[in-house]
Structure formats: C-alpha cells, structure tokens
Amino acid sequence: MKQTFTILTFGILFLFQHCRFTTPNYHLTLQEAEYRYETIENIKYNLEIRLTSKDSFTGKVDIQFVGKKIRDLRLDYFQGEIKSIVFNDEALSQFEYKNGQIQLPSNRLMIGNNKVSVIFETPFAKTGNGLHKFVDPDDKETYIYSQFEAFHANKMFPCFDQPDLKATFHLQVSAPKNWKVISTTLPTSQSKTENPDEVLYKFPESKKISTYVFSLHAGPYQVWEDKYESIPLRLFVRKSLAKYVEPKDWFTFTKEGFAFFNSYFGIPYPFEKYDQIIVPEFNFGAMENVAAVTFSERFVSRSTMTRSQRENLSDVILHEMAHMWFGNLVTMKWWNGLWLNESFATYMASLAQAKNSEFQETWISFFEKMKQWAYEEDSFSTNHPVEAKVNDTEEAFTQFDGITYGKGASVLKQLVFFIGEDSFQKGVQNYLRKYSYSNSTLADFLKELEFVSGFSMKKWSKDWLETKGTNQIELTTVCAENHLYGKIIQSAPGPENKLRDHKTILGLYFFDRTNKQISYEQFPVVYSGRSSEAILNLKSCPDYVFMNAEDHDFAIWNWTNTNKENLEFVLEHDTDPMRKLILWTDYFRQVTLANITFDEFKDSATRLYQVESDTKIKRWLLSKLASDNGASYASSRFWFPETKRISQLDSLQTFLLSELTKAKVGSDEQKYLFLSLIDTTYSVSSQKRLYDVLDNKLIFPGLKIDQDLRWNMIIKLSSLEKERNKIQAIIDREKKLDPSSRGVNSSLAAEAAEPNAKVKNKWIQILLNPKTSEYSSSTLRVVSYSLFPEYQKDIQLQFLDTYFDALDKFQHTDDENYLDAFAKSLAPDFCTDVTLLILKKFTNNHPKLPASVKKTLMKQIDSEKRCIQMKNKHKDLILQ
C-alpha cells in the first residue's frame with residue numbers, strides 16, 4: 001500500500017505516514033529514505049561496543065544530528081534488544097520497536113541539534129550480514145567481521161541506514177586481549193579495562209561516510225604490514241590459514257593499484273590507512289569498507305595459485321580499491337545508482353591491470369567473464385536498465401547482478417571508445433573533486449563528462465543506461481574488385497528495448513592456405529538506426545569478416561551463413577587470443593540459441609584444442625566441453641539414454657586423459673584438465689580411476705593432488721556411489737586429516753551428495769530451518785549446491801512440493817543471501833515442458849514472494865525454455 005499512494009496534499013501525507021508507522025516494514029523504501037533525508041542532517045555516531053566470545057555483544061550508540069523538520073523519525077535496528085533509549089535528555093519509557101524500526105516521536109525532535117542514545121544487545125550473525133561470528137574448527141579461535149551493504153549496518157547497531165545520510169563515526173571497542181580490532185581508522189590507543197582479559201581500543205573520528213561502508217572486524221588475526229608512500233598497509237587472515245597466504249602478491253597488487261589510481265583520479269587516496277581482511281564464510285567476493293576491505297577466503301588457495309587465480313585476485317583488489325574514490329569518497333544517493341559504484345569499479349580494475357600490472361590479458365578476461373555475464377543477465381525477462389528503479393532495500397539486493405556489474409562496465413568501455421580516454425579521465429576527475437564526501441546522481445556524473453567531451457550525454461544515457469535490453473546485429477558483406485560493401489542490420493528484441501548508436505571494430509582476415517597463415521586488418525565502424533552501410537577500399541577481398549574485434553561494443557552478433565571451414569581456419573591460425581575467444585564465444589552461442597548441436601561444437605573444440613597454445617582459451621574450451629553444471633557438452637549427455645551417455649562421456653574422458661599426458665608437467669593446463677576429468681566422471685570405469693588417484697595407485701607426474709582436489713574427487717564419487725562402505729571410509733579418513741572449516745564443509749557436501757532420498761530429506765529439513773540450525777548460512781549454501789547433481793533428478797523430483805512449500809513460507813525479512821542460494825540451488829531444472837509449466841504456475845500464483853526468490857524463479861523459467869530448445873535440437877541424435 002505504501003508504494004501505491006500518490007502524495008498530493010499534506011493531509012494525505014499525514015495519512016501515509018500514520019499508515020507506515022502503524023504497520024512498519026523492515027525494508028526501507030525510497031519514499032521513506034527521501035522523507036528521512038528531508039528531516040535530518042549532519043549526523044555523528046559515537047559507538048561503544050563490547051565484544052566477547054558469547055553469542056551476542058553489547059553496545060551503546062550516541063547519535064547527534066541536526067533536525068530540519070519536526071516529524072516522527074525512523075531509527076533502523078534489526079532484531080536486537082533495546083535496553084534503554086534517551087532522546088534529547090529524556091528517557092523514553094514507551095516507544096514503538098517493530099520489524100527493525102524504532103520510532104522516535106516528533107514531540108521530542110527539535111529543529112537544530114538533537115541527540116539520541118541507545119543501549120542495546122545484538123546477537124552475532126551467522127548469515128554473513130551484520131556482525132558475523134565464526135569459530136575456527138581448527139583451533140577454536142573466534143573471529144568477528146561486519147558486512148553492511150546494502151541494508152545491514154542496522155543489524156549491528158541502531159542507525160539511520162541509508163547511503164545519502166553520510167556521517168562521521170567515533171568508535172570504542174573492548175575485546176579479548178589477544179584479539180586485533182580493525183575499523184575505518186587506526187586506533188589511537190589500546191588500554192586496559194577493569195577486566196584483565198580485555199583491551200579497550202579507541203578510534204578517532206572518521207571522515208564523512210555512509211553507514212554501509214563503515215566496518216568492525218576483530219579476532220586473533222595474523223597480520224602482515226607494509227607501506228605505500230605514507231599509507232600504512234596491513235593484511236589480515238585467521239591464523240590457521242596464514243600459511244597459505246602469499247602476502248607478497250597481495251601487497252604488490254595493492255601498490256600497483258595505488259600508483260595507478262592516485263594518478264588517474266587526480267586525488268590522493270582520501271583515507272589514512274588501507275587494511276585488507278580475509279574473512280571466513282563471506283557472502284561475496286569482497287566488500288569495499290572504507291580503509292578496511294574484506295575478502296572471501298576463496299582467494300586463499302591451499303595449493304599454488306594458477307595464473308588465472310592470481311589475475312582474479314589482482315582484479316578484485318583493484319576493484320575494491322577503486323571504490324575508495326568511486327563509492328566511498330563520492331557515493332550514490334540511492335540504490336538505483338548502485339551501478340555508478342560497481343560498473344565503474346569493474347571497468348577501472350581492468351583498466352588499472354592493463355596499464356600497471358603483469359596481467360596484460362585483462363581485457364580478454366573482462367570479455368570472458370563480465371561481458372558474458374552481462375549478455376546472459378540482459379537476456380532474461382528479469383533484466384532491467386543499468387540505472388534501475390529500486391523501490392526499497394529488498395529490491396536493492398537483486399541489483400547486484402550482471403547488468404549492474406558487467407553491462408554497466410561494458411557500456412562505460414563503449415563510452416570511452418566514443419569520447420576518448422583523456423576526456424573520460426578529465427570528466428571523472430572533475431566529478432570526484434566536485435562531490436567528494438557527499439552523494440551524487442547519474443545526472444551529476446554525466447554533466448561532468450559532457451562538459452569536458454562535448455559529447456551529448458542525454459541521448460546516450462537514455463539509450464544505454466535508462467533503457468534495458470541488448471541490440472542484435474546482422475552483418476552482410478559483398479566484395480568485388482577490392483571494394484568491400486558492408487551492411488549492418490540492427491534490431492532491438494524484447495520489451496522496452498531500442499536501437500542505439502554504436503562504435504565497433506570490423507575485423508578482416510586474409511588467408512594464405514598454402515602456408516597455413518593469415519593476415520589481419522581492422523576498421524572502426526559507427527552504426528545506428530535500423531540499417532547502416534559502408535564501403536571499404538582494400539588491396540584484396542577478405543576471406544573472413546567479424547564484428548567487435550576488440551570488444552568495445554555491446555551487442556549480440558547473429559551469424560548468417562557463416563562458413564565453418566573458414567571460421568576454423570581462423571581459430572587454428574590466428575595468434576591473437578582476444579580475437580579467437582570472441583569468435584569461440586560467438587560460435588558457442590549458436591549452441592545455446594539451438595542453431596547447432598553440442599556435438600558439432602565438440603568436434604571443432606576437441607580438434608582445435610590440440611593445436612591451441614593459449615592456456616586461457618584452453619580453459620574456456622574445457623568449461624564448454626566438460627563442466628558438470630550449466631550448458632556444456634558433458635551436461636547435455638544427460639538428455640541421452642544411459643548406454644549412449646556412458647559411451648560419450650567415456651569418449652570425452654579418453655580425450656581429456658590424452659591431453660593430460662601431453663600437458664606440461666606442473667602447468668595450469670594440467671590442473672584444468674584434471675578438474676575436467678573429475679567433472680566428467682560418471683561410468684564405473686571413470687569412478688575407479690578417481691579411487692585410484694585417491695589411493696595413490698594412479699599418479700600424473702607434476703600434478704599436485706592437494707586437499708581441496710581430494711575433496712573435489714570425494715564429493716563427486718559420493719554423489720555416484722550407492723554402495724557406501726568404501727566411499728564412507730574415505731570420507732571419515734579425510735575428515736580426520738582435514739579438520740579445517742573447508743574440510744568440515746566438504747565432508748558435509750559429500751554426505752549431502754549421496755544418492756539416497758533419506759539423506760536428502762535430512763538435509764532439506766535442515767535447509768528449511770536455517771535460523772534453528774547449528775550451521776551457518778555459508779555451510780548450508782555449500783550443502784545445498786551439492787544436494788542434487790545432474791544425474792540425481794529422479795531423487796530431486798520427490799522433493800518438488802517441499803521446495804515450493806518452503807518458498808511460500810520464507811519472509812521478506814529473511815536473509816536475502818540465503819534465500820537467493822536456496823532458491824537457485826534447489827530450483828527444478830529438469831529441461832522438460834512439465835517443469836516449465838510447474839514453475840510458471842507457481843510464480844504466477846505467488847506474486848508476493850521475496851524479491852530475490854521471485855527473480856530466481858523467473859530466470860529459471862527462462863533457462864528451462866532455452867534448455868528445452870537446445871534439447872529439441874538434439875532430438876534426432878537422442879533417438880538414434
């Protein structure tokens with residue numbers, strides 16, 4: 001009801017507010033945020049926290065602020081206990097506290113200076129949001145960290161939790177004496193308390209920042225220290241993982257980032273120190289808390305990191321560092337501007353890698369990961385404009401997707417190609433200087449770019465940022481007498497899509513078949529509207545032409561009459577990995593569009609893999625051939641009868657084994673091939689091979705079988721093994737050898753993977769009640785993703801009603817990360833018309849599902865449609 005009122009008069013406004021306050025909802029709406037922004041300003045938090053190893057912590061917060069209007073005022077605080085509230089020197093004996101809202105009465109609010117003091121006790125979180133507590137099973141040490149984006153600071157302490165109510169934070173923390181305490185600033189003192197086992201940390205007042213990037217982390221962390229110029233650098237990790245961390249890489253990548261960003265932004269790093277904390281059970285990859293960035297422990301490998309892993313670590317470090325300026329120094333006003341944070345940080349991380357790191361392949365990785373994520377997300381019916389409409393903080397969570405990150409960054413890359421790197425950089429510098437320590441909007445950003453570039457940003461923004469959908473293009477070329485005539489036909493499929501102005505590169509290949517060589521030329525091309533034409537004067541006619549050669553454009557190239565022989569000649573003889581990966585991706589897209597079969601793609605991929613030299617492309621090919629989830633040749637075999645399935649998977653394993661014996665000893669490729677071998681294990685003979693590896697009866701020289709690889713094999717074998725004696729003995733043995741949190745989670749995943757309906761039911765009942773479970777949300781997510789592999793659909797079918805009943809009972813206040821994982825991991829993906837009908841019916845009949853669940857179901861409907869189309873393309877092969 002709150003979102004459907006139109007506020008026309010003061011009387012209706014009063015009615016609206018009365019309705020809102022008498023039926024409070026936890027999630028903050030845009031209207032409520034605007035109302036509160038108009039009511040208060042100049043906020044200062046003085047926060048005192050006492051941390052122990054108990055299940056909750058206590059605290060006091062004094063909030064000073066300036067009142068601008070006399071109104072009832074919402075203070076956000078989720079599911080804690082309020083001991084007392086004093087508002088402008090008067091203790092409030094009666095106050096409304098419901099659904100995460102404390103209502104401060106208007107009769108106590110003053111124009112000018114105000115102060116509210118709250119004494120509270122908050123349970124530690126086990127969801128990864130709020131103030132999360134983790135007990136290390138290795139050494140029983142306790143670790144605490146915070147995660148506040150988008151609307152979780154209020155899960156730690158009472159606050160005005162919205163991005164445009166920036167504030168300063170003054171913090172005191174008492175904690176066990178062997179703990180380190182980390183926050184936005186460096187502590188000015190550490191002193192004893194009345195308790196000899198505690199230390200009191202006092203932190204100076206922070207600069208003006210948003211609540212979601214304030215932070216608190218504590219525990220007996222291992223720490224390494226370094227410095228970039230005058231900036232202190234620290235790296236933290238829990239003690240039991242410290243031996244696996246390579247601090248040299250972390251500090252090298254960090255310093256490379258500071259060198260680039262300080263110069264590029266024209267503003268020195270705006271905060272006093274830079275901490276990076278690697279934390280357990282983290283929901284995301286990393287989080288840009290001001291001067292105290294948190295990272296998932298997935299960035300710590302228990303074996304030597306591959307180049308791809310190191311490149312990814314560098315990318316994430318740089319992404320979070322870019323946020324210090326773009327997101328923390330200057331912050332979006334509301335969550336519709338989330339892309340201004342995430343798209344920019346994504347683009348800038350790749351730019352920083354390209355300009356100042358060893359990873360010159362960064363734009364290839366950007367194309368492979370971010371760009372494809374963007375295309376996929378924009379193809380779903382749940383797509384949205386880059387600058388999305390966000391009604392409340394529940395919807396804000398659903399915006400952390402491939403459009404906000406991947407498409408937004410891709411669109412920025414396209415814009416830079418249009419206006420030039422210098423103009424873009426100058427516009428960004430002006431924008432950051434103008435809005436430092438405040439909030440901004442899309443219009444503010446575009447105004448600065450238009451001023452320096454002279455490029456009309458209004459139309460560009462309407463087309464690219466404020467309208468959803470991806471353009472599709474078709475290319476027709478005719479060459480005669482060394483004149484190439486080209487015509488680009490642009491379409492805008494989908495509701496609300498539109499034709500846009502694009503700038504791209506046309507790539508031309510010329511073949512020397514006798515010597516098996518190619519030459520290459522490229523030309524920048526601008527196209528717009530329904531149809532664009534051009535004529536190029538050439539020395540000779542090209543043998544192969546392709547679009548978007550350097551990946552500056554954002555559009556899907558629809559192939560028409562592509563010569564497969566010529567395509568494969570390019571893929572075999574071109575030496576540029578970026579061009580080849582673009583072509584390979586366009587080739588695989590023909591499979592997902594049901595234009596060709598997986599079998600046709602597999603024939604090309606296995607032949608050309610053997611002559612490919614680039615490891616990144618080889619890894620990509622393996623993912624499309626052998627992955628055991630998502631769209632791949634291997635997963636498509638489960639459309640086929642059992643006998644044919646076993647034969648074809650064993651044939652693929654023969655290919656993988658052959659390449660494994662040829663791969664360089666100890667190389668990244670060797671590891672990728674072995675992982676693919678695990679993924680494609682299915683038949684009895686292939687299972688025996690993994691058992692032999694686990695028992696050291698089969699050894700691949702140079703391949704280190706680390707503990708994580710062992711668990712990978714064990715989980716796979718457990719998911720296939722109905723006779724439990726042998727695999728259970730291995731699981732029990734590995735649990736003793738690996739008592740770490742990864743070992744615990746892996747052993748639980750191995751248990752959940754067992755092809756046994758009773759075991760599945762046990763875990764589903766636990767998953768249905770995460771709040772009463774002994775396990776953290778992180779552990780439950782690990783279990784859920786192992787519960788129903790592709791070949792256990794017959795068991796999953798028995799639990800469909802249970803799954804849908806659970807979705808119907810989840811609440812909008814339940815943790816969104818958990819809801820998202822539960823809905824995704826257990827969603828029926830049977831690739832059948834019946835499943836599709838069930839999904840449609842349930843989703844249509846339940847319009848008030850939590851936002852993350854509804855989005856997941858709608859995407860699953862789209863995925864089922866596509867899968868059915870692909871499966872139908874294989875009908876003749878299946879029936880043979």
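Mentor: An axis here is a line fitted to C-alpha atoms, for helices over the stretch in contact, and angles run from 0 to 180 degrees between N-to-C directions. The model is predicted, so local features need pLDDT of at least 70 and side-chain atom pairs pLDDT 80 or more, while totals for chains, interfaces and linings use all residues. Residues are numbered from 1 along each chain as its sequence is written, and side-chain values use heavy atoms, with hydrogens and water left out.

Start with H14 (598-609) and H17 (642-662). Helices (H or I, at least four residues) and strands (E, at least two) are DSSP runs, numbered from the N terminus. The axes of H14 and H17 come within 11 Å and cross at roughly 15°. H14 and H17 are therefore roughly parallel (under 35 degrees; over 145 is roughly antiparallel, 65 to 115 roughly perpendicular, the rest oblique). From H14, the contact (heavy atoms within 4.5 Å) takes Asp-599, Lys-602, Thr-606 and Tyr-609. From H17 it takes Gln-648, Ser-651, Phe-655 and Glu-659. By class, that is two nonpolar, three polar and three charged residues. Nonpolar covers Ala, Val, Leu, Ile, Met, Phe, Trp, Tyr, Cys and Pro; charged covers Asp, Glu, Lys and Arg; the others, Gly among them, are polar.

Ala-594 has a positive phi of about 65°, although it is not a glycine. Ala-594 falls in the loop between H13 (577-592) and H14.

Next, H6 (362-379) against H15 (615-626). Their axes are 11 Å apart, at an angle of about 10°. H6 and H15 are therefore roughly parallel too. Ile-364, Ser-365 and Glu-368 in H6 meet Lys-616, Arg-619 and Trp-620 in H15. The classes are two nonpolar, one polar and three charged.

Now H4 (307-323) and H5 (338-356). The angle is about 130°, and the axes are 8 Å apart. That makes H4 oblique to H5. The crossing is right-handed. H4 brings Glu-311, Ser-314, Asp-315, Leu-318, His-319, Ala-322 and His-323 to the contact. Its partners in H5 include Asn-341, Glu-342, Ala-345, Met-348 and Gln-353. In total, the contact of H4 with H5 has six nonpolar, seven polar and three charged residues.

Some context from the record. UniProt lists "domain: Peptidase M1 membrane alanine aminopeptidase" (unreviewed entry) at residues 254-464. That span is 59% helix and 9% strand, with end C-alpha atoms 32 Å apart. UniProt also places "domain: Aminopeptidase N-like N-terminal" (unreviewed entry) at residues 44-213. Here the chain is 0% helix and 51% strand, and the end C-alpha atoms are 15 Å apart. Such annotations may be inferred rather than shown by experiment; positions follow the numbering used here, and feature names are shortened.

A cis peptide bond joins Glu-149 and Ala-150, with omega about 5°. Ala-150 lies in the loop between E10 (142-147) and E11 (167-176).

Finally, aromatic pairs (ring centres of Phe, Tyr and Trp, its six-membered ring, within 6.5 Å) number 73 in the structure. Phe-57 lies in E2 (56-67) and Phe-124 in the loop between E8 (112-123) and E9 (130-135), so the pair ties together parts 67 residues apart in sequence.

Conventions
A crossing is left-handed if the near helix is turned anticlockwise from the far one by less than a right angle, and right-handed if clockwise. Rings of Phe, Tyr and Trp (its six-membered ring) pair if their centres lie within 6.5 Å; planes under 30 degrees apart count as stacked, over 60 as edge-to-face and the rest as tilted.
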